[in-house]
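I opened my notebook to look up a few things in one structure.

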Amino acid sequence: MSSDNKTFASEEYNPQSRFDNLDHFEPEFWKKKKLEEMSKEEWELLCDGCGKCCLNKIEIKGKIKFTNTRCRFLDCKNCLCRIYEHRFEKVPDCRDIDLAAIREKPHWLPKTCAYWLLDNGYDLPIWHPLITGRAESVHEAKMSLQGRETVSETGIEDYENYVIDWQDL
Ligand code: SF4
Ligand code: SF4
């Protein structure tokens with residue numbers, strides 16, 4: 001995301017660390033500011049860590065279809081990017097989640113993505129870590145890729161055979 005919020009890699013990285021100092025932020029800042037008014041830190045807090053934007057997608061008849069193939073660098077257990085700091089060098093089609101990406105047509109972010117929800121006038125869902133104060137709540141609500149049947153993209157060419165229709169995409 002010019003800062004990217006998809007996932008926050010590395011073996012040592014503790015996802016909860018993002019939400020440990022919420023007292024430093026204006027309460028419910030996401031209700032008071034537009035996305036374009038948010039600081040980098042506020043912007044990064046919006047990502048719920050679901051990992052769903054790291055699924056491969058294909059366009060069929062002008063609509064984006066998700067597949068259950070995942071970027072080879074996504075850790076499917078914790079939904080974190082293994083190469084977060086170098087993702088744009090190593091994966092040319094890894095997308096920065098900025099305003100242009102959020103508003104792009106056809107729409108390609110999952111419908112639960114906090115950026116898309118806020119930009120379209122919705123509130124954050126009750127399981128969002130900013131509401132619960134806990135990074136794990138996205139997984140507990142079964143809104144992330146954790147525990148889902150996904151396969152690494154390595155070696156896959158026929159993506160159309162992997163199209164899925166999950167309700168939260
Ligand atoms: S879909 Fe949105 S909320 Fe989920 S990991 Fe990607 S940027 Fe973050
Ligand atoms: S490199 Fe892959 S796993 Fe990492 S953020 Fe980009 S799409 Fe997701």
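Which residues come nearest to ligand 1? I found 15 residues around ligand 1, and Cys47, Asp48, Cys50, Cys53 and Cys113 come nearest. "Around" has a cut-off: a residue is near a molecule or strand if its C-beta atom, placed from the backbone, lies within 6 Å of it.

**Entry: ground rules.** I am reading a predicted model, where local features need pLDDT of at least 70, side-chain atom pairs count only at pLDDT 80 or more, and totals for chains, interfaces and linings use all residues. Residues are numbered from 1 along each chain as its sequence is written, while chains are lettered from A and ligands numbered from 1 in the order in which they are written.

**Entry: confidence.** I checked pLDDT, the predictor's confidence in each residue, from 0 to 100. The protein chain averages 94. A score of at least 70 is reached by 93% of the residues. Residues 1-6 stay under 50. The model has 22 contacts for residues 1-6 beyond four places in sequence. A contact means that the C-beta atoms of two residues, placed from the backbone, lie within 7 Å. Where pLDDT is low, the predicted coordinates should not be read in detail.

**Entry: the two ligands.** I sorted the shell of ligand 1 and got nine nonpolar, three polar and three charged residues. Here Ala, Val, Leu, Ile, Met, Phe, Trp, Tyr, Cys and Pro count as nonpolar, Asp, Glu, Lys and Arg as charged, and the others, Gly among them, as polar. Next I looked at ligand 2. Eleven residues surround ligand 2, and the closest are Cys54, Cys71, Cys81, Arg87 and Cys94. Its shell divides into eight nonpolar, one polar and two charged residues.

**Entry: the core.** I looked up the largest nonpolar core, which has 26 residues. Such a core is a set of buried Ala, Val, Leu, Ile, Met, Phe, Trp, Tyr and Cys residues joined through C-beta atoms within 7 Å. A residue is buried if 20 or more other C-beta atoms lie within 10 Å of its own, exposed if 12 or fewer, and partly exposed in between, with C-beta atoms placed from the backbone. Leu46, Leu74, Leu109, Cys113, Ala114, Tyr115 and Trp116 touch the most other members. Two or more residues come from each of helix 2 (40-46), strand 4 (80-81) and helix 5 (114-119). Helix 5 gives the largest share, four residues. Helices (H or I, at least four residues) and strands (E, at least two) are DSSP runs, numbered from the N terminus. I then followed Ala114. Leaving aside neighbours within four places in sequence, Ala114 is in contact with Leu46, Cys47, Asp48, Leu124 and His128.

Entry: In what order do the three strands of the open sheet lie? The order is 1-2-5, and the pairing is mixed. Two strands pair if DSSP finds at least two bridges between them. Strand 1 (55-60) and strand 5 (151-152) are the edges, each pairing on one side only. Five bridges join strand 1 to strand 2, and these run antiparallel. Strand 2 (residues 63-70) and strand 5 run parallel, joined by two bridges. Leu55 stands opposite Arg70 in strand 2, and Arg70 stands opposite Ser152 in strand 5.

Entry: Most residues other than glycine have a negative phi, and most peptide bonds are trans. I looked for exceptions. Strand 1 and strand 2 form a hairpin with two residues between them, and Lys61 in the turn has a positive phi of about 50°. A cis peptide bond joins Lys105 and Pro106, with omega about -5°. Pro106 is in the loop between helix 4 (99-103) and helix 5.

**Entry: Tyr159.** I finished in the segment after strand 5, where Tyr159 is placed. Tyr159 is partly exposed, because 14 other C-beta atoms lie within 10 Å. Beyond four places in sequence, Tyr159 is in contact with Asn56, Ile58, Thr67 and Thr69.
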